[in-house]
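These notes are for a colleague opening the model for the first time. They go point by point, from terms and totals to single elements.

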Amino acid sequence: MYAARRIERDQARFKKMVRGTIRSGIRKYITRGELIGKTGKQFVSIPLPQLQIPRFRFGENGKGVGQGEGNPGDPVAMDPNESGNGQAGSDPSEHILEVEVSLEELVEMLGEELALPRIEPKGKKNITTEKEKYTGIALRGPESLRHFKRTFRQALRRQLISGTYEADGPRVWPFTEDKRYRSWKTVIERDSNAVIIYMMDVSGSMGDEQKDWVRLTSFWIDTWIGAHYKGVERRFIIHDAAAREVDRETFFHTRESGGTKISSAYELCLKLIRESFRSQEYNIYPFHFSDGENWGDDDTKALELLDKISEAANVFCYGQVEGLYGSGSFLSRLQETRKEDEKMLTALIKGKDDIFDALKTFLGTGR
Amino acid sequence: MLKSSAANKFPTELKELKYEIAEYAQEYGLSFFPVIFEILDYQEISEVAAYAGFPHRYAHWGFGMRYEELSKSYAYGLSKIYEMVINNDPCYAYLLKCNDLVDQKLVMAHVYAHCDFFKNNLYFEHTNRKMIDEMANHATRIGRYIDRFGHEAVEAFIDCCQSLENLIDPHAPFMKRHDDAHGSEWIYSVHASSGTQDAAVTGSQHQCSHRHGSAGCASCGGNGSKENDLFADEDDERVTPRRLRSKSYMDSYVNPPDFIKARAEDLRAKAREKKRFPEAPEADVLLFLIENAPLKNWQRDILSLIREEAYYFLPQMQTKIMNEGWATYWHSHIMTEKVLKDGEVIDYADHHSGTLGGSRLHLNPYKLGVELFRDIEERWDRGQFGKEYTECDDLKAREKWDKKLGLGRQKIFEVRRLYNDLTFLDTFLTEDFCRTRKLFVYAKEQARNVWVIENREFQNIKKALLDGLTNCGQPIIRVTDGNFNNRGELLLSHEHEGRDLKFTFASDTLANLHRLWKRPVHMETCREGRKERLTYDGHSHSETRLD
């Protein structure tokens, strides 16, 4: 008998090392764009070359022995080590260990490292959702839900009983009454919901680099908030002098020229909240990124609207990105006039390294 | 051994099969240790596999990492561990619980052949057949060190050791060291001599060229030998042969001047020899470190047990192709001739071909091995060997060559006893074999950045294969100077045979070596055709051009 499962001890040790390595470099991972590309799945692969124990060994081999048809000069592969496992007697195929960290784990690490409090969903903002679960079998149903195995079994059984089954040439023909279909039950799930409203200034002064910072920041915001709510909706608003709602893709890739009227975005945001996300039902997280260059007379109007938004929202986060032509004055106006408003969170992002601190500010309240 | 719970009891059905298959195997002439099969689920088998088959290993994160990899790749359906078998007496083998009966049969047949190979192949002769116990003892010893010196310290040290564990000498098991009567205990002699270095020196100077000298290394304080000639120069007067006591008028008779002179010459030559440290380049770098590096006792112990494990696993790396080929050869005979039921043929064929499948670019050791064994069997059955056959250049005659010698079986048994992968391919890979199996050499074409078939020349194919097998595919690295620059620094030399080292790894490994040696360490190698010396002095890495 095992005392305790030994492997669990070693595995825990390994995970701890991985986490240690990741955590010590978490700033690096946060500011790494390519991570986002990989998050379609539930896992984030993090290459960890340093966990491989170094040995004296050969570098890449420029040669190998293969087997099959072909004439000298015929290409065989772009990279033979891609799908490589164990070439006879040759060196272990070169691969960097990629540790899969689930997004959840990564978020947890982020939380620990930034000392972020967990978000407490506010009030009774629970809504119910209906979900279908395929649990049963029915005699009738659409063909697309036909259960092949059950149908086959049924047909086979009938043939055996009726003696039409031939062992020499086994053929199974299902009749209509043999057919079985998957059926579902409707389950009601209760959950607190949240909406993240991203707003971004796309006026001429916001360059690609600035947008990249916004993209990284919003990725982590998304991940963090997403980890605390079951259903998170996202809305994207871009604005210059006028605002409009767009999809995610457009949000990050639009560039307009022209001036900036922050109030236009806030107006749209407010409208969205009032129409679709009533604050009794939703946890609302508006984020606004801008370079702070606003039309002079617009500030007052914007701030007024902001008060109304912040009333409905959990927090309001404003990230001022240092643009191509420096940083505008909206941030300082905001900081001066709305000092007492606890929900108003602001950060100045001058480069990738500031994302870390911005996240801490935005997510550090636990609301 | 793993679990005694009822759930994992070996089912009667399998037990009967086991006896049946063992009997068939014996009828075919296989001879093996008793085999104990264990049934494990996939998590357990991943666990055991992570520990390289052993239920008890020392604590190290590396095993956890391997486990993650194995259990995940099983869970995602990427790979499946069919069989695992440990070279031990009795032999332990593991079966995956969820396998079909036909799979279990196949695995059992396969395992018996592996076990036969372990027992009879020469390269396994010196392995410890009670390794399961030994590994458990290692685990206990390291466990104790962890309790005493802390997990972090011990783990860090093990990391260093593992980083160097491939620096062993494949020939070492067959070399006689010290005055050891028991060949199989060569590996333990380290424990005996590690404390008292001069025991080795007084032991057997005359016969052992790979002896580890005790000449002074400033840092590690090698304590002198009994002969007081450690600091002698060639013409140092202290190198005087011992004179027998005599009255002065008898002296020229008792101690003839000619003899004394010759003896002095002798001693001087020996002293010169001795000044080199080690006297001859030492390929067993780990042994050199155990004996000469300034280690604490627990560190020395850990390093020596890691070395012991490395030597235990060595023959398995040396005989991968043969071992798998042999097992595949026998499972196919036992299955198709004896055990297989009609209804199981398709499943068997499916799994057997799965074992032999491979991509175009990676030779499958199972396939290569079994095909070579079958080729040998056929050739010796038909007498396609020897002078007459090799000199025959009539293709038709060669193809039809059949002297009906029927020596095939006998020959492959001999081959399984005497060869390892390197000698196996060197001896039995023939031009005909390469041609009929359509082997080719591929290489990277720099201009287009693709890999292309380079050629189908027999010599090139063979060379490429043998290159990959030489020294188990590891670079040949020896200690050439333990007192480099006369400052107690360590110099290793890489015998460059055409392939450069992976330099990023080399410098990290040097850093680990430095942690053991505690003085600057150097490594002579080649980079892109130029000789170079890599150095790590504890603070920074540097490279020196040597030509």
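1. Two residues are in contact here if their C-beta atoms, placed from the backbone, lie within 7 Å. Helices (H or I, at least four residues) and strands (E, at least two) are DSSP runs, numbered from the N terminus. Axes are lines fitted to C-alpha atoms, for helices over the stretch in contact, and angles run from 0 to 180 degrees between N-to-C directions.

2. The model is predicted, with local features needing pLDDT of at least 70 and side-chain atom pairs counting only at pLDDT 80 or more, while totals for chains, interfaces and linings use all residues. Residues are numbered from 1 along each chain as its sequence is written, and chains are lettered from A and ligands numbered from 1 in the order in which they are written.

3. Chain A has 11 helices and 11 strands; chain B has 22 helices and 10 strands. A residue is buried if 20 or more other C-beta atoms lie within 10 Å of its own, exposed if 12 or fewer, and partly exposed in between, with C-beta atoms placed from the backbone. On that count 29% of the 367 residues of chain A are buried, and 41% of the 547 residues of chain B. Taking contacts between residues at least 6 apart in sequence, those joining residues at least 24 apart make up 78% in chain A and 70% in chain B.

4. How many residues of chain A are in contact with chain B? There are 43, and they meet 62 residues of chain B. On the chain A side, α1 (6-24), β2 (63-67) and β3 (75-77) are the elements that give two or more residues. The largest share, seven residues, comes from α1(A). By class, this side of chain A has 17 nonpolar, 17 polar and nine charged residues. Ala, Val, Leu, Ile, Met, Phe, Trp, Tyr, Cys and Pro count as nonpolar, Asp, Glu, Lys and Arg as charged, and the others, Gly among them, as polar.

5. Two strands pair if DSSP finds at least two bridges between them. Four strands form an open, antiparallel sheet in the order β2(A)-β4(B)-β5(B)-β3(A). β2 and β3 of chain A are the edge strands, each pairing on one side only. From one strand to the next the twist averages 45°. β2(A) is joined to β4 (residues 439-445) of chain B by five bridges, and Gly64(A) stands opposite Tyr442(B) in β4(B). Helix α21 (residues 458-469) of chain B packs on this sheet, touching β2 of chain A as well as β4 and β5 of chain B, and its direction makes about 115° with that of β2(A).

6. Helices α13 (residues 320-339) and α15 (residues 365-382) of chain B pack at an angle of about 70°, with their axes 7 Å apart. α13(B) is therefore roughly perpendicular to α15(B); angles under 35 degrees count as roughly parallel, over 145 as roughly antiparallel, 65 to 115 as roughly perpendicular and the rest as oblique. The residues of their contact divide into 10 nonpolar, three polar and three charged.

7. Leu429(B) is in the loop between α19 (421-428) and α20 (431-436) of chain B. Leu429(B) counts as buried because it has 20 C-beta neighbours inside 10 Å. Leaving out residues up to four places away in sequence, Leu429(B) touches Leu372(B), Cys434(B), Lys462(B) and Leu465(B).
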